[in-house]
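Here is a short report for a reader new to this structure. Take a look at the sequence and the model first.

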Amino acid sequence: MSHNKHTHYKHYANFERLWFPGLAFIVFVTITVYSLTAAAQDIELLQKNASVAYEKMMQAKQSADNLSRDAISAEKKLAEIKEKLTAAEQEVVGSKRKSDEAKIAYDHAQEQWKKATDALANEWGKSEIK
């Protein structure tokens, strides 16, 4: 029996000697697999976040491009309106000048008419006195 005890102890010593490194290896593999899984999940989440951020960036770029085109179009319209306004202002100035000239011509014609009617009245008056 002592031989069996010794053999049993010998097997136990071998088990004990192999048990800790085996357990350590299992723990190491478990931690490594868990870390790799967690890292893969982290990478997947980061990729998803990057993809969402990229989509938002592209939408913002598209919006900025559209608004930039709208601003350029509005600036062109403003320039056209300013040109039309300038032309209208020049037309007003020209019309006022022509109106003033027409008033002067009217006043001159009225003055000529008064002189002519006065002269006519004088002539009639002279012819009646005789």
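D65 is partly exposed, with a relative accessible area of 29%. Partly exposed means between two cut-offs: buried is under 20% relative accessible area and exposed is over 50%, with a 1.4 Å probe and protein chains only.

This is a predicted model, in which local features need pLDDT of at least 70, side-chain atom pairs count only at pLDDT 80 or more, and totals for chains, interfaces and linings use all residues. Residues are numbered from 1 along each chain as its sequence is written, and side-chain values use heavy atoms, with hydrogens and water left out.

**The chain**

The protein chain has one helix and zero strands. Both are DSSP runs numbered from the N terminus: helices are H or I with at least four residues, strands are E with at least two. Helix α1 covers residues 2-129. The protein chain has 130 residues, and buried ones make up 1% of them. The chain exposes about 12,300 Å². Carbon and sulfur atoms supply 64% of that area. Accessible areas come from the Shrake-Rupley method with a 1.4 Å probe; for residues, only the protein chains shown count as cover.

**Salt bridges**

How many salt bridges does a search of the whole structure find? It finds two. A salt bridge here is a side-chain nitrogen of Lys or Arg within 4 Å of a carboxyl oxygen of Asp or Glu.

| Pair | Closest N and O atoms |
|---|---|
| K61 and D65 | 3.1 Å |
| R97 and E101 | 3.5 Å |

D65 pairs with K61. Both lie in helix α1, four residues apart, about one turn of the helix. K61 is partly exposed, at 46% relative accessibility.

R97 bridges to E101. These two also sit in helix α1, four residues apart, or about one turn of the helix. R97 is partly exposed, with a relative accessible area of 46%. E101 is partly exposed too, at 44%.

**A nonpolar patch**

Which residues form a nonpolar patch on the surface? They are F25, I26, F28, V29 and V33, with about 490 Å² of accessible area together. Patch residues have over 30% relative accessible area and no salt bridge; like charges are joined within 9 Å, and nonpolar side chains (Val, Leu, Ile, Met, Phe, Trp, Tyr) within 5 Å. V33 is found in helix α1. At 46% relative accessibility, V33 is partly exposed.
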